[in-house]
Amino acid sequence: MSHQRIELLAPLTGLIVPLETVPDPVFAQKMVGDGIAIDPTSNVLVAPAAGKVKQLHASQHAITLQTVEGIELLLHIGLDTVMLKGEGFRAQVKEGDTVRAGQPLIEFDAELIMQRGKSIVTELVITNGDKVAAYLPASGFARAGLTPALVLDLIVADDAASTAAVAVDAVVSDPVKVPNRTGLHARPAAVLANAAKTYKSDIKLLRGADEGNAKSVVGIMGLEVKYADEIKVKASGPDAQAAVKALVELIRSGCGEDCGPGVPPPAPKPPIKQVVKPHSSDPNVLTGVSASPGLAVGQIFQVRQDVIEVRETGANAQVERRRLDDALKEARQQLEALKAEIEDAAKAEIFAAHQELLADPDLLDIAISGISNGKSAGFAWRQAFTTYADKLARLQNEILAGRANDIRDVGRRVLRLLAGVKEAELVVPDNAILIAEELTPSDTASLDRTKVLGFATTGGGATSHVAILARSLNIPAICGIEDSVLQLPNGVPVILDGTKGTLRRNPSDAEIQQIRDKQAAQAEKRAEEQASAHHPAITRDGVRIEVVANIGGLDEAVQGVQLGSEGVGLLRSEFLYLERTDAPTEAEQSQIYTDIAKALGTERTLVIRTLDVGGDKPLPYLPLPAEENPFLGVRGIRLCLAAPEILRTQLRAILRAAPFARLHIMFPMIASLDEVREAKAILAEEKAALGVTAEIKFGIMVEVPSTAVMSEIFAREVDFFSIGTNDLTQYTLAMDRGHPKLAKQADALHPGVLRLIAMTVKGAHAQGKWVGVCGGIASDPLAVPVLLGIGVDELSVSVPAIPSIKALVRKLNRADCLKLANEVLQLGTATEVRARLAALAD
Ligand code: PEP
Ligand code: MG
């Protein structure tokens, strides 16, 4: 046998009294167990040691903790207080919670308890006394969470002692390879931290020489663990072995992310922070990165973050701790309210993540230790969040570095509460273009859209939460703009082009006027077109053309219907998940397809294109191998057939939406009939497995010349075609669709492309199949007459273009269009085609 000594801190501030003197025989005669009592002057019961909440009494007047050493502590507030049935008690923890020494457990109303004739003398009793060799109670005045009130000599069996010794020496796992494609970013870090918190042991993640607290999201993110990095789990404490085993398994399994064998290996590098900022050669144009598209003409309004003053020295540790806890609680409630204001659930998650940061043990540890060292709650909290924000901001990984802004945001929210200052209300002038080093997600979510036309920040990037919110709120925005923007005085007129990522300062009055006139004329025309948007698009000689929408999500589906769309010709399903860092589940996908289907109703066609990633469309959660020529590599259908589980999951999710939709499924990037047959077989299998009997049309995108040339052969095996002219142009002309120097030449009105469109239509019509065009030229008014002349049956256009394209079709005559098409198909260059069409449009 050997002994181990542990100290239990006072659970309340007050006078320590011997248990025997308590006026209750149950405690005084130690029927429950030995311990101490305290006659309190404070009213927040705190944990005497680190441990887990084993039991919280329904009346919230008593709580049992199990310490890391397995000792059970009963904390009983007052005497006979069970009779109050919870009145006057407010638990701060719940059963199963892991608590730190000094952490508040139950807050109580001492006055009320006394008014009801009850004593507030509180007991701290060990209920499994068989593990205790000796009780060494302290005496005198004690401070809650600070003064040792009772020292215990524990009985440790020799073999247990040796085990304990091993545990104290720490258990370290073998290296584990991280399978997550984007490393341990916020989401898997949260899963891992939550799992680690269920163990009593102290747990660290080791990456090379660095280590981070495995119970802290910011601690894990701060390690910047990348795909295939080897990390170790180290634990010390009573359940170290079990913790290491479970956490290693969790890491191997991807911490809740799908990292299965079907998922292709990742690109070698994570997104690297843009260090060199883009710079324009025109001194009047400042350049940044497009964060949210759109054009705005307005005046500069510089936003400077107010400095929140806090005292350095605290009153006393307990008071400061209480203030911090109150502020954290209040901040949590504010975030709850903010979440409720944001309709888009995915965006609301940003604030849910902020709520989690409020309970992050690493942040709290720094703050609490600052408080214990005599600092005020505000000072200690600021120290905590700035330390972590600065640490994350220095990381190379752009996604993780972007989260520094989130920590500052939530940190300042709590700091304002501690300093008792309200968020300074921004008095923004009309037509404001906000300029700031950084805007926080909270700032962005609460912008006054009637006054703020756009914003530009010197920090951040396209993947930042601010950029995501700006897009969802439809505010043109630029991130990472040149620092000199901060020197522009308020009121300077500017034109912000969110699409190009440029800010033109001091545009001439004529330039501004020109843009405003253009906007006014367009608005007038748009109003007219919108007035007739819900009428069908029938040419003057009676040919009906279906005008449908290209969409990337539910919002656009709804907007499309409002703007007269007759359905969806292209749901770019990959767009639903571009802002996610983890793979969507089948249920999540199914929900969104069903929502979109319901928004359209069963009268409107819904064409869902299966995942089309690769080339210029990377998915954060599905990094692709570095390829010499990604546009010619494993993209679109090739990727899906190489990783069939991804496709099958998506197809099942789509099929589950079948009862709500006039459903069409379309496969992208088809180059050979083998791909069509394979995709069809997979679809048939999933359909049969789910017992779906509804008729679902099977279509393909015509984006590769081989498919256009062989369209009649393909048409025998599919129900419809949709021509993706963006890709068809790039593959026909051998010009990268995103190449800045080739942008002008990579023109879908090139006669070579038009001839392929014509071949596609001819082959399809020969087999009685319909053809749509969903590439960019379907939305181009110049191209529409030619497409009609070629015989295209459906135009799938960007949502805002729906009313104008419908209005244009109504002005055309199909017979004239046919002549025009025959004419332009004989021309030699895209320039000639454009010139001919422009002359017609004038
Ligand atoms: C196209 O290639 O024209 C098309 C519509 O598909 P995406 O632009 O999504 O590649
Ligand atoms: Mg395409």
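The structure is a predicted model, in which local features need pLDDT of at least 70, side-chain atom pairs count only at pLDDT 80 or more, and totals for chains, interfaces and linings use all residues. Residues are numbered from 1 along each chain as its sequence is written, chains are lettered from A and ligands numbered from 1 in the order in which they are written, and side-chain values use heavy atoms, without hydrogens and water.

The protein has 842 residues, and 53% of them count as buried. Buried means under 20% relative accessible area, exposed means over 50%, and partly exposed lies in between (1.4 Å probe, protein chains only). The C-alpha atoms fill a box of roughly 105 × 60 × 50 Å, taken along the principal axes. The secondary structure comes to 27 helices and 36 strands. Both kinds of element are DSSP runs numbered from the N terminus: helices are H or I with at least four residues, strands are E with at least two. Among contacts with a separation of 6 or more, 71% join residues 24 or more positions apart. Contact means heavy atoms within 4.5 Å.

The domain assignment gives domain 1 (2-156), domain 2 (171-252), domain 3 (285-305 + 426-527), domain 4 (317-419) and domain 5 (534-841). Such bounds come from an automatic or database domain assignment. The centres of domain 4 and domain 5, taken over C-alpha atoms, are separated by 45 Å.

Eight strands form an open, mixed sheet in the order S20-S27-S26-S22-S23-S24-S25-S21. Strands S20 (285-287) and S21 (289-292) stand at the edges with a single partner strand each, so one side of each is left without a neighbour in the sheet. Neighbouring strands are turned by 30° against each other on average, direction ignored. Two strands pair if DSSP finds at least two bridges between them. Strand S23 (residues 432-436) pairs with strand S24 (residues 452-457) in the parallel sense over five bridges. Leu-434 stands opposite Phe-455 in S24.

Helix H14 (residues 509-531) lies across strands S22 (295-302), S26 (493-497) and S27 (502-505). The helix runs at about 130° to S22. Axes are lines fitted to C-alpha atoms, for helices over the stretch in contact, and angles run from 0 to 180 degrees between N-to-C directions. H14 has 23 residues and reaches 33 Å from its first C-alpha to its last, close to the 33 Å expected. The expected span is 1.5 Å times one less than the number of residues. Ile-512, Ile-515 and Glu-529 of H14 are buried. The cover over the buried residues of H14 includes S22, S26 and helix H25 (802-811).

Strand S14 (residues 148-156) has seven of its nine residues buried, so it is largely enclosed by the rest of the structure. Five bridges join S14 to strand S12 (residues 132-137), and the two run antiparallel. Tyr-135 has Leu-152 in S14 as its bridge partner.

The magnesium ion (ligand 2) has Glu-703 (OE) and Asp-727 (OD) as its protein donors, lying 1.9 to 2.0 Å from it. Glu-703 lies in the loop between strand S33 (697-702) and helix H20 (705-709), and Asp-727 in helix H22 (residues 725-733), so the pair ties together parts that are 24 residues apart in sequence. Donors are N, O and S atoms within 2.8 Å of the metal (3.2 Å for Na, K and Ca); water is not among the atoms, so sites may look incomplete. Both Glu-703 and Asp-727 are buried.
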